[in-house]
Amino acid sequence: MFKGNSGVDKLIDKATSQQLLEADWDSILQICDSIRSKDVQAKTVINSLKKKISDRNPNVQLYALQVLESCVKNCSTPVHDEISNKSFMEDLREVCVRSSEVVKNKILLLVQAWAQAFRNETKYRVIIDTFNMMKPEGYHFPQLKESDAMFVSEKAPDWSEGPCCHRCRVEFGSFTRKHHCRRCGQVFCQKCSAKYSTIPNFGIEKEVRVCDACYDMLNPSSTSSKSSSDETGLPPEYIASSLSKETQQPKQRTEAECKEEEELQLALALSMDEKENRNIILAERHGETKSTPPPPPVSSNSIYSSGPQLPLSMGGGEEDMDPE
């Protein structure tokens, strides 16, 4: 990964810059990966961090302690061997004496967590002795949180190597790259390690690559929502939303609301009846008009057609009439 030590030194400078507003987890994880993949010696990284921890700027000191904490939790034996020597612990005590209260509390927290983690390992006895010597000297150790001491029983494993994926057994090559799960340390292909998650017990607060099995163990809630989604047929986004947690029963109405609705229904029924009656009356009237035939038209000669018609003579004069 790095050519010489200049690459990791640049990463340490970036991860401990006084201009940072929060921890640079990308650089921290790259430093841890370089130690675990043996691209750089743990001793080189610890020596560089010792210089940063002794810096006069408290921000640089705090970020250097953050990097050191992550290396101890993630890089296992190589880093543990480097911090468990008398020289390193004495330097840490001196920094604790002349540093600000925030830096001092961070150092005390780390020493206490390491002493708790290595309490049953004789090779790291110097850390426990340092903790026991600092207690009567008047140092007030902060309360140890569960997340700080969680790596006591579970440490990040060393990375495994292999010619094929640990899960699907596909062989690695030019087009199939290998990836390591940050939790179990096994090697996987892209398909079998495509998920990302935080690993609180290793002090990793940023989402990193993990295999499918480790993701399910670290995120049981998402696994349960997926199974419930398969059972109900609903999308997992809906299952995880707050809408799915709301009651699906109809809202209970008050007595006044029920009475108001009854009155509205009654008014609608009366209105419908009135409309139907009006339509019936109009239909009956229309039927009567159709059944009564219209009177015959009156002719202009109808007044003369009541009696017998007398024939008219062709002459039409008075001389044609018989005298009396």
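A pocket here is an open set of grid points with protein on both sides within 12 Å along at least five of seven lines. The views below all show a predicted model.

**View 1. The largest pocket.** Its volume is about 310 Å³. The lining is made up of 16 residues. Asp33, Trp159, His180, Arg182 and Arg209 lie nearest the centre of this pocket. Which elements each supply at least two residues of the lining? They are helix 2 (25-36), strand 1 (179-180) and strand 4 (204-210). By class, the lining of the largest pocket holds eight charged, five nonpolar and three polar residues.

**View 2. The second largest pocket.** This pocket has a volume of about 240 Å³. One run of its lining goes from Ile35 through Arg36, Ser37 and Lys38 to Asp39. Asn74, Cys75 and Pro78 also line the second largest pocket. So do Asp158, Trp159, Glu161 and His180. Trp159 and His180 are also among the residues nearest the centre of the largest pocket. The lining of the second largest pocket divides into five charged, four nonpolar and three polar residues.

**View 3. Helix 3 against helix 4.** Helix 3 covers residues 42-53, and helix 4 covers residues 58-74. Their axes come within 8 Å. They cross at roughly 155°. Angles over 145 degrees count as roughly antiparallel, so helix 3 and helix 4 are roughly antiparallel to each other. Helix 3 passes helix 4 in a left-handed crossing. From helix 3, the contact takes Val45, Ile46, Leu49, Lys52 and Ile53. From helix 4 come Val60, Gln61, Ala64, Leu65, Val67, Leu68 and Cys71. The residues of this contact divide into 10 nonpolar, one polar and one charged.

**View 4. Helix 3 beside helix 6.** How do helix 3 and helix 6 run, parallel or antiparallel? Their axes cross at roughly 15° and come within 11 Å. Angles under 35 degrees count as roughly parallel, so helix 3 and helix 6 are roughly parallel to each other. The crossing of helix 3 past helix 6 is left-handed. Helix 3 brings Ile46, Lys50 and Ile53 to the contact. Those residues meet Ser87, Phe88, Asp91, Leu92 and Val95 in helix 6. The contact of helix 3 with helix 6 has five nonpolar, one polar and two charged residues. Ile46 and Ile53 also take part in the contact of helix 3 with helix 4.

View 5. Rolling a probe the size of a water molecule over the atoms shows where empty space is left. How many cavities of 30 Å³ or more does a search of the whole structure find? It finds three. The largest cavity holds about 40 Å³ of space. Lining it are Lys50, Ile53, Ser54, Phe88, Asp91, Leu92 and Val95. Helix 3 and helix 6 (86-98) are the elements that give two or more residues to this lining. Helix 6 gives the most, with four residues. By class, the lining of the largest cavity has four nonpolar, one polar and two charged residues.

**View 6. Helix 6 packed on helix 7.** Helix 7 spans residues 101-117. Helix 6 and helix 7 pack at an angle of about 150°. Their axes are 9 Å apart. The crossing of this pair is left-handed. Helix 6 makes the contact through Phe88, Met89, Leu92, Val95 and Cys96. Helix 7 makes it through Lys104, Ile107, Leu108, Val111 and Trp114. Nine residues of this contact are nonpolar, none is polar and one is charged. Phe88, Leu92 and Val95 also line the largest cavity.

Conventions:
Residues are numbered from 1 along each chain as its sequence is written. This is a predicted model: local features need pLDDT of at least 70, side-chain atom pairs count only at pLDDT 80 or more; totals for chains, interfaces and linings use all residues. Side-chain values use heavy atoms; hydrogens and water are left out. On a 1 Å grid over the protein atoms alone, a cavity is a set of points where a 1.4 Å probe fits but cannot get out, and a pocket is an open set with protein on both sides within 12 Å along at least five of seven lines; lining residues have an atom within 4 Å of a point. Grid points are joined across faces, edges and corners, and a volume is the space filled by probe spheres set on the points. Ala, Val, Leu, Ile, Met, Phe, Trp, Tyr, Cys and Pro count as nonpolar, Asp, Glu, Lys and Arg as charged, and the others, Gly among them, as polar. Axes are lines fitted to C-alpha atoms, for helices over the stretch in contact, and angles run from 0 to 180 degrees between N-to-C directions. Angles under 35 degrees count as roughly parallel, over 145 as roughly antiparallel, 65 to 115 as roughly perpendicular and the rest as oblique. A crossing is left-handed if the near helix is turned anticlockwise from the far one by less than a right angle, and right-handed if clockwise. Contact means heavy atoms within 4.5 Å.
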